[in-house]
Amino acid sequence: PAGCLASREEDCSSGVECPIDCLLGDWLEASACSASCGEGTLIEVKQVLRWDRHGGRECPATSSSARQRTVPCEAIACG
C-alpha cells in the first residue's frame, strides 16, 4: 500500500496497515544428543523473532524444515 516501507520489516508511521514479513532467528539446539557416547542426532529449531502481519510473508509451520531440523552430533567417545 501507498506509504509503506519497501523493506516490509517494520510498521510505517502513516497509519496504514503495512505488510510485515515473518523473521526467523538462527538455529538453536532444542534437544540433547540422542547418544550418550559416539554419534547421534539432535533437533535444532528456529524461533520466530517477528510474526507476519497485514499480509506479509507468513511464518513457516513449527514442524516444517524451515523451522526444525535433525542434525548429527557426537557425544564422548564410547568405551
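This is a short talk on the fold of one predicted protein chain and on two of its residues.

First, the ground rules. The model is predicted, so local features need pLDDT of at least 70 and side-chain atom pairs count only at pLDDT 80 or more, while totals for chains, interfaces and linings use all residues. Residues are numbered from 1 along each chain as its sequence is written, and side-chain values use heavy atoms, with hydrogens and water left out.

Now the fold. The protein chain has zero helices and three strands, and along the sequence the pattern reads β-β-β. Helices (H or I, at least four residues) and strands (E, at least two) are DSSP runs, numbered from the N terminus.

The three strands form an open sheet in the order β1-β2-β3, with antiparallel pairing. β1 (23–29) and β3 (68–74) stand at the edges; each has a single partner strand, so one side of each is left without a neighbour in the sheet. From one strand to the next, the twist averages 30°. For that angle, axes are lines fitted to C-alpha atoms, and angles run from 0 to 180 degrees between N-to-C directions. Two strands pair if DSSP finds at least two bridges between them; β1 and β2 have five, in the antiparallel sense.

Some totals. Of the 79 residues in the protein chain, 24% count as buried, where buried means under 20% relative accessible area, exposed over 50%, and partly exposed in between (1.4 Å probe, protein chains only). The chain exposes about 5500 Å², and carbon and sulfur atoms supply 50% of that; the areas come from the Shrake-Rupley method with a 1.4 Å probe. Taking contacts between residues at least 6 apart in sequence, 58% join residues at least 24 apart. Contact means heavy atoms within 4.5 Å.

On to Glu44, in strand β2 (residues 39–50). How buried is Glu44? Its relative accessible area is 13%, so Glu44 counts as buried. Glu44 in β2 is the bridge partner of Glu29. Its side chain makes a polar contact with the side chain of Arg69, at 2.7 Å. A polar contact is a pair of N or O atoms within 3.5 Å; within protein, one must be able to donate a hydrogen and the other to accept it, and residues adjacent in sequence count only if both atoms are side-chain atoms. Leaving aside neighbours within four places in sequence, Glu44 is in contact with several residues, among them Trp27, Leu28, Arg67 and Val71.

Last, Arg50, also placed in strand β2. Arg50 is buried, with a relative accessible area of 18%. A polar atom of the Arg50 side chain lies 3.0 Å from the backbone oxygen of Asp21.
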